[in-house]
Structure formats: C-alpha cells, structure tokens
Amino acid sequence: MNQLKYTKTHEWVRNDNLTVAVGITNHAQELLGDLVFIELPLIGKAVKKGDSVAVVESVKAASDVYAPISGTITEVNTALAENPALLNQDPYGSGWIMKLSMSNPEELNSLLQEEDYNLSIEEH
Amino acid sequence: MSMHTSLYQLHLHENAKMTNFFGWEMPLSYGSSIQEHNAVRNDVGCFDVSHMTILDILGAGGRQFLRKLLTNDVDRLPHPGAALYTCMCNEHGGIIDDLIVYQRSPDSYRLILNAGTKDKDLAWIEDKSQGFAVGLQTRPDLSIIAVQGPNVFAKLPAILNPAQHDAISTLKRFECVEIEQYFFARTGYTGEDGLEIILPHFLATSFWQQCLKAGIKPCGLAARDSLRLEAGYMLYGQDMDESNTPLESGLSFTIKWKPQDRDFIGMGALLSQKDHLKQKMVGLILNDKAIMRANQKVIIPNQPDGIITSGGYSPTLEKSIALARVPFETKSTAKVEIRDKLFDVTITSPRFIESN
C-alpha cells in the first residue's frame, strides 16, 4: 500500500498514480465523534487545493473537508451516504471520501509526511 | 482555570473526551455518543451533572418567597418530597432560568439551577429574597449523578442498601426522598424514567464506580443534548433566554395563573402578552439526508422567517430534528436553509419521542 500523506486540516491522501484517494484522518474522526451525515461532491467537479469539497456532520457539528490537491473528482464513496459511521470505523480504508485525478501532481510535495502530521496534531 | 467535579479523575480514567461547559471541564462522550444515547433509550446510563448549581432555601418564609419568585406555584406541591419544573422570570416576563424545585420539608426547598446562569441567578434570588424570612445556601459540597433509562429500577438496586431500595421503590415521578446522605429524585432531562441522585462528593466517587460495575453506561453531555432534544426539552441559553417569555418558548405549562393574587414576578407582563403572541416554539423533522443546526433560517409561506434554536441528529428517529422559533401563525410546512440549499421540513409538536 502506498504511503499516505496528510494536511494540517486533517485530510489524508493516497497516491494511486495520478489519481489520489482522499479521506479524513483517524485524529479527525476522533475529534468529531460519531459521524451521522456526509455531503459528497459531484463527480466531474474541478477543485482547487484548499477548496471545501465535502461536509461531514457529527452529532455535534458540521465540518468542511478541504481538497488536499487540485484536480477533478472522478469517484465518490456513495457507501458513506448510507453509512457515515464508516468514517469513524475505518477512516483510511472503507471510509475513503473521494478520488481525484490530479491536475498538478507536484502539489503532492507540499503535503505532510506521517511524522510531521503527528507532530502537528500534538501541538494542539 | 477550569472547574472540575468530584468525578473528574474517574472520567479521565474512562478516557472521556472532555469539553468546556461554562467553565466546567465535563465529559462530552466516553466513545460513541450515539451508543450512549441508545443505552439511555433502551437500557440505562449515568451522567455526571455536578456542574449544576444546587441552592437550598431554608426558613419559614420559603414558601411565600418561591410563590413570588417562580412562574409555577409551589402551593401545587402535594406534599413534602415532591418537585416541580418552573421558569424564573424578570418583571418583563423574560426567562432568567428554568429549574426544578424540590420541597424537602415545609421549611426547606432545594433548587437545581443551570451552570451557565449561576451568578446572575444567585444575584437575582438574593435580591428578591429581601423581606422574606429565608436563608440561602449553595451546596458546592454535593455532587449530582443522573441515572436514566427504562432499566433504572432493574439495575440500580444492585448497588443500593435495603433502606435506599425501599425508599426508591415507592417513589413516583417528580417525587424525592432522602436516606441518610443520599437525596433521590425521580426526575431527569432525557425523556426516560430515571433518578437524579444528590450526594456528598466523598460518596459520589464510589457510587459512580458501582454504577459502572453494575452495567450502567457512562454518558456525556453530547448524549444528554441529543436525548433532551428528542424529548423536546428546552435548553436555557440556546432555546430561550431573557429575551423570550415562557409563553413564546413552549413553556406555558410552567405558568400558574391562579390564584390571581399570587402576583409572581413577571405575571403582569405575561398576562398582557398571553393573547397577543407573535412567536411559538415548534419541532421540525427533516426527511432528507442533511442535518439541521442552530441558527439556520426557517422559511414559512407568507410569514417572516423563523430560526432554528437547537438542531441535530436523532439517533432514535435516524433523521435530523430541530427546535425552532417561528411566527405564531405558522402551519404545518416550512423550508429550512442548509448551506444555501432549501429543504422541506415537517412541523410537529416539539416532542419527537413517545414519553416513557
């Protein structure tokens, strides 16, 4: 399995050769608590790095999910619409949110390695 | 510096996720707040609510003082060991707080006030008590543990002694009883049957641990909030405050108009508002997949907009529910605006579950 990369806003990215899978981190799902709803983006939508692309709602609040990479949405995880708890149960696996075809793969270099991400969440 | 209840270390030991609640560091959840919610609906759960303010009102003037102070009438209490839910209003009928008052004996009443309103409540009560033969005493030496759910009387007796068990076995709704240093009240904020137990801190820690050992699930403030929302209980500071009256807030039942000469604080203002209401509280149910939240706009045909005061996910109904303040003439349908999209909602009474 490819190594994951991370953002300071708690998304993860898995590079599968020009297409990346995106989700939220285990730390994010722990912070949010039980997730009860997700608003998924439309397939074919072009997004820029940093755009709000999805909304996850926990029992307590709604939170934006930001595009970690610029590109076009090629796939969304419709299983989450029926069962948002997958985001809690398996955030790096069956809880993936979307797949993007990258428009600027060099942006991958700006993402955090696992240890840097772990350091960034310890600071808070 | 945050304040801690006597059970704080035990919450940390249970790996509770903690949150700040009006200066108190309280458990939000011990894992899954939905599981905690469902435990209270289907089995039994326990809550640390020691952050709430306990105020004892002692002395021969207590009854007359409370008849002046509160919208509900303590003369309606059938006997010592009974309780009622009430609002406390200012002269304009604005709600200063909502509370439960317990009559312990003819000369002794106990009030449970919200944590977030403690200072203004105490200042108000102190001021209004002038001229009455009463003494006021807050009880920071006591903890409050709520044990709530349909199996409360099946599971709790395992940790009670015979005298305590006897005492609670005959307790009716909105009654209370004291056995040694334990105060048991059959009240709660979840819409389920249950008890609220007030006891000294040094007894609270072992009582809490025994609850957990007896299979009573520890529950945090997140579950408390979703439970009270399903039950349609208003939350002070969120669903109503001093800019609203009980009449506008679904709390008319807390006002006792007779006898007319009781003249409680706010009575005149409430009387003149009574037949000219412009707003009311309703429940909203959303059948689409989205979640309603506080402060979202409620759009009603031919009426000014309303506003959601509390919204969220109902684990029991598995859809989003909300409490909303809307124009008085609002009928059965409306739309809610969620992130620039409009959703149809059904308007209901603000009570989403069958009461148990």
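# Legends to the close-up views

**B:Pro259 sits in the loop that links α8 and α9 (267–273) of chain B.** Helices (H or I, at least four residues) and strands (E, at least two) are DSSP runs, numbered from the N terminus. The peptide bond that leads from B:Lys258 into B:Pro259 is cis. Its omega is near 0°. This is a predicted model, in which local features need pLDDT of at least 70 and side-chain atom pairs count only at pLDDT 80 or more, while totals for chains, interfaces and linings use all residues. Residues are numbered from 1 along each chain as its sequence is written, and chains are lettered from A and ligands numbered from 1 in the order in which they are written.

**Chain B as a whole has nine helices and 19 strands.** Its radius of gyration is 20 Å, close to the 21 Å that the globule rule gives for 356 residues, so chain B is as compact as a globular protein of that length. The radius is taken over C-alpha atoms, and the globule rule is 2.2 Å times the number of residues to the power 0.38. Along the principal axes, the C-alpha atoms of chain B fill a box of roughly 60 × 50 × 40 Å. The mean pLDDT of this chain is 96. A value of 70 or more is reached by 99% of its residues. pLDDT is the predictor's confidence in each residue, from 0 to 100. For the model, ipTM is 0.84 and pTM is 0.94.

**An open, mixed sheet of six strands in chain B.** The order is β10-β11-β12-β9-β3-β13. Two strands pair if DSSP finds at least two bridges between them. β10 (176–179) and β13 (217–218) of chain B are the edge strands; each has a single partner, so one side of each is left without a neighbour in the sheet. B:Gly45 has B:Lys217 of β13(B) as its bridge partner. Helix α2 (residues 33–42) of chain B lies across β3, β9 (142–148) and β13 of chain B. It runs at about 120° to β3(B). Axes are lines fitted to C-alpha atoms, for helices over the stretch in contact, and angles run from 0 to 180 degrees between N-to-C directions.

**The hairpin of β10(B) and β11(B) has two residues between its strands.** β10(B) and β11 (residues 182–185) of chain B run antiparallel, with four bridges. B:Val177 is set opposite B:Phe184 of β11(B). In this hairpin, B:Glu180 has a positive phi near 50°.

**B:Asn295 has a positive phi, near 80°, in a residue other than glycine.** The loop that holds B:Asn295 runs between β14 (279–286) and β15 (297–299) of chain B.

**Domain 1 (8–49 + 140–230) and domain 2 (278–356) of chain B.** Domain bounds come from an automatic or database domain assignment. The domain centres, taken over C-alpha atoms, are 30 Å apart. Eleven residues of domain 1 and twelve residues of domain 2 of chain B make the contact. Two residues are in contact if their C-beta atoms, placed from the backbone, lie within 7 Å. On the domain 1 side, α2 and α8 of chain B are the elements that give two or more residues. α2(B) gives the most, with four residues. This side has three nonpolar, four polar and four charged residues. Ala, Val, Leu, Ile, Met, Phe, Trp, Tyr, Cys and Pro count as nonpolar, Asp, Glu, Lys and Arg as charged, and the others, Gly among them, as polar.

**Chain B touches chain A with 13 residues, and chain A brings ten residues to the contact.** On the chain B side, α2, α8 (221–231) and β16 (306–314) are the elements that give two or more residues. Five residues of this side are nonpolar, five are polar and three are charged.

**Chain A holds an open antiparallel sheet of six strands.** Its order is β1-β2-β3-β9-β8-β5. β1 (4–6) and β5 (46–47) of chain A are the edge strands, each pairing on one side only. β2 (residues 11–15) and β3 (residues 19–24) of chain A run antiparallel, joined by five bridges. A:Arg14 has A:Ala21 of β3(A) as its bridge partner. Chain A has four helices and nine strands in total. Its radius of gyration is 13 Å, close to the 14 Å that the globule rule gives for 124 residues, so chain A is as compact as a globular protein of that length. The C-alpha trace of chain A spans about 35 × 35 × 25 Å along its principal axes.
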